[in-house]
Amino acid sequence: MAKALFHKSQRVYVKPVGTWVPIERVVPQWVKGVDEPLRITYDCGLGRLFQAHELVSEEAMLRLERSEDDDEDDTLIEQWRVVRRLMKWRSGEGQVSLGVQPGTYPAVATDDGANSGWRVPATEYDRDPARVEHQARMIAHTPDLFRVARKIAEFAAANPKNVPEELRPVAARCAKILRSVYRLEEETAAAE
C-alpha cells in the first residue's frame, strides 16, 4: 500500500525535468476492496504524472546539499533503488512465497532513466528467484555501504591510535576496497 509523501501545493524539484514546481494534484490509484491506495502519483502541471522517486522536497534538497558538503565525491550521493518490472515470459506463480509482487522481477535503477541500471535475464531469474531478489537488494544498498566504508577508512587514517584493535582489519579492508574502486575509475578516465 502507498502513502502520500507530498501534498497539494507543496513545492518540489522534478528530477526528470530539472525544475521547481508546486504539486497541483495528488492522484491515488484505488483498488476495490482495499482500504488504502495501491499507488500514488503527483500532477505537477507538466504534462504527465510523476512518481514520488522523481520528486524531491525542499527539505530533502537542503539535507542533500548539506551532505554534498561532506561528500565531495558525486558517486557517493547516488540513491539507487529496486524497481519491479513486469515479466513478459511467465505469469509469476510461485513468487508469492518470496514476498514479492507476482508477475514481476527486480531491477536496480541507478539513475533517473527508465531503462538504466541492473536487470537480470529471464533464464537467470527462473533458475533462482530468491538469489536474484537478494542480489537486487545488495546492489541497491551499495552506495550507502560505500559511504560507510569511506567513513571508516578516513577515521582510521586520521586517528590510527584511537582505532580499536578489532576494527583495524576492517578499516584496512575498507581502505583496500576504496583504493580498488578509485584506481579503476582513474584507469578508465586515463584511457579515455
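These are my notebook entries on a predicted model of one protein chain.

**Ground rules.** I number residues from 1 along each chain as its sequence is written. Because the model is predicted, I take local features only at pLDDT of at least 70 and side-chain atom pairs only at pLDDT 80 or more, while totals for chains, interfaces and linings use all residues, and side-chain values use heavy atoms, with hydrogens and water left out.

**Fold.** I looked up the elements, which are DSSP runs numbered from the N terminus (helices H or I, at least four residues; strands E, at least two), and found five helices and nine strands. Their order from the N terminus is β-β-β-β-β-β-α-β-β-β-α-α-α-α.

Of the 192 residues, 29% are buried, where buried means under 20% relative accessible area, exposed over 50%, and partly exposed in between, with a 1.4 Å probe and protein chains only. Taking contact as heavy atoms within 4.5 Å, I note that 49% of the contacts between residues at least 6 apart in sequence join residues at least 24 apart.

**Arg84.** I located Arg84 in strand β7, residues 81-86, and its relative accessible area of 29% makes Arg84 partly exposed.

**Arg179.** I then turned to Arg179, which sits in helix α5, residues 168-191, and which is partly exposed at a relative accessible area of 49%.
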